[in-house]
Amino acid sequence: MPAHARLAVGFSRGLAPSDVVECVKLAEDLGYESAWMAEGHAGDQFAILGACASATTRIRLGTSITSVFVRSAPTIAMAAATVDHLSGGRFILGLGTSHREQVEPEHGLAFDRPTDRLRDTLEIVRALIAEGVVSHRGRVLRIERFDLWFTPLRREIPIYVAGLFPTMLGVCGEIADGALLTWPSLDAPGRAALHVSRGAQRAGRDPARIDIASLIPCAVAASRREALQILRPGIALYAGFFPRYNRLLAESGFPEAVRAIKAAWDRGDRAAAEQAVPDGLIDAVAIAGAPDECRDRIERYRRAGLRLPIVSPRGDTKRSVMDTIRACAP
């Protein structure tokens with residue numbers, strides 16, 4: 001692996017907050033560029049990253065992603081400025097719209113005009129961090145006045161936006177510092193770069209300055225068969241429950257398999273949904289295998305144009321996640 005190669009690690013489920021901190025410390029020791037924390041049901045991402053900030057000195061810390069629905073825009077700005085301060089300027093804010101399937105039934109909020117809310121939120125966050133005060137009359141959000149009662153360490157914090165399809169990737173190019181993908185096929189980085197570039201050109205921005213990063217689910221095991229089995233339930237969940245990911249996985253070249261997964265999921269048969277996940281689909285959108293196979297797969301993503309691979313270990317114990325971090329280390 002080239003000395004300049006970038007590599008990150010992402011966390012999403014299965015670990016206690018203190019375990020995530022220990023894993024991030026290990027990633028820093030091994031030379032990972034950044035560590036990213038999801039939320040959903042995995043714990044408060046800003047609190048966990050604040051703890052990581054106090055336990056590390058070099059590794060950058062990001063959210064993957066912060067939903068623009070479940071926190072107010074000023075709250076997101078305050079949280080971002082707080083972790084950036086605690087980390088000495090190492091924070092990256094990853095923003096996204098999340099999913100109707102989570103926002104409405106799990107949080108009791110209306111999932112309305114997500115792209116407009118994303119744009120408004122990003123503008124409010126940037127303005128509040130830059131100026132310390134914001135008033136905003138936007139597409140869907142109205143802020144009469146909100147002021148910070150502390151001075152941010154940096155007046156500009158990098159903001160990445162989650163995008164899967166052309167429209168949102170174009171938005172990334174228009175307004176974000178980076179695009180954040182997930183479950184990527186080897187074709188995904190090139191397609192994403194094209195749409196990001198088009199969006200950047202519309203906004204008069206330099207496409208080369210916009211990062212292309214992706215979370216890549218990863219299972220490292222003694223055998224490829226064991227690694228595939230670790231990843232199978234996750235793909236069944238994403239294809240069965242989330243319409244947006246169902247489409248993404250189908251477009252990765254497996255429409256019939258994804259239809260079968262969805263049909264089993266809708267029947268309530270989780271075991272059948274998992275059994276319907278073919279090995280080829282796992283290989284197309286994730287990293288699975290022995291350590292050398294996984295490192296080779298990361299390199300293939302790099303050659304495909306992915307600037308920042310974010311290895312996302314799939315494991316329910318601190319030991320298994322640490323083993324993955326060690327196996328894929330730069």
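Hi everyone, and thanks for coming. Some ground rules to begin with. Residues are numbered from 1 along each chain as its sequence is written, and side-chain values use heavy atoms, with hydrogens and water left out. Since this is a predicted model, local features need pLDDT of at least 70 and side-chain atom pairs count only at pLDDT 80 or more, while totals for chains, interfaces and linings use all residues.

Let's start with the open spaces. On a 1 Å grid over the protein atoms alone, a pocket is an open set of points with protein on both sides within 12 Å along at least five of seven lines, a cavity is a set where a 1.4 Å probe fits but cannot get out, and lining residues have an atom within 4 Å of a point. Grid points are joined across faces, edges and corners, and a volume is the space filled by probe spheres set on the points.

The largest pocket has a volume of about 1100 Å³. Its lining counts 43 residues, and the closest to the pocket centre are Ile 65, His 99, Gln 102, Tyr 238 and Tyr 245. Several elements give two or more residues to this lining, among them strand S1 (8–11), helix H4 (100–107), helix H5 (114–131) and strand S10 (211–220). A word on those labels: helices (H or I, at least four residues) and strands (E, at least two) are DSSP runs, numbered from the N terminus. By class, the lining has 20 nonpolar, 17 polar and six charged residues. Here Ala, Val, Leu, Ile, Met, Phe, Trp, Tyr, Cys and Pro count as nonpolar, Asp, Glu, Lys and Arg as charged, and the others, Gly among them, as polar.

The second largest pocket has a volume of about 240 Å³. Of its 18 lining residues, Leu 164, Phe 165, Leu 169, Arg 191 and Leu 248 lie nearest the centre. Which helix gives the largest share of this lining? That is H7, with four residues. The classes here are 10 nonpolar, five polar and three charged.

Now, a helix pair. Two packed helices are described by the angle between their axes and the distance between the axes. The axes of H8 (residues 224–241) and H10 (residues 255–266) come within 8 Å and cross at roughly 80°, so H8 is roughly perpendicular to H10. Axes are lines fitted to C-alpha atoms, for helices over the stretch in contact, with angles running from 0 to 180 degrees between N-to-C directions. Angles under 35 degrees count as roughly parallel, over 145 as roughly antiparallel, 65 to 115 as roughly perpendicular and the rest as oblique. On the H8 side, the contact (heavy atoms within 4.5 Å) includes Ala 236 and Phe 241, and on the H10 side it includes Ile 261 and Trp 265. The contact residues are seven nonpolar, one polar and two charged.

Next, helix H6, which is mostly covered, with seven of its 10 residues buried. Buried means under 20% relative accessible area, exposed over 50%, and partly exposed in between (1.4 Å probe, protein chains only). What covers the buried residues of H6 includes H5, strand S8 (159–162), S9 and H7.

Finally, some backbone details. Where is the cis peptide bond with omega of about 5°? This bond joins Ser 64 and Ile 65. Ser 64 sits in the loop between strand S3 (60–63) and strand S4 (66–67), and counts as buried at 9% relative accessibility. Among the residues that Ser 64 touches are Trp 36, Leu 180 and Leu 215.

Buried or partly exposed, then? Arg 113, in the loop between H4 and H5, is partly exposed at 41%. Trp 183, in the loop between S9 and H7, is buried at 1% relative accessibility.

Notes. Contact = heavy atoms within 4.5 Å. Lists of a residue's contacts leave out its neighbours within four places in sequence.
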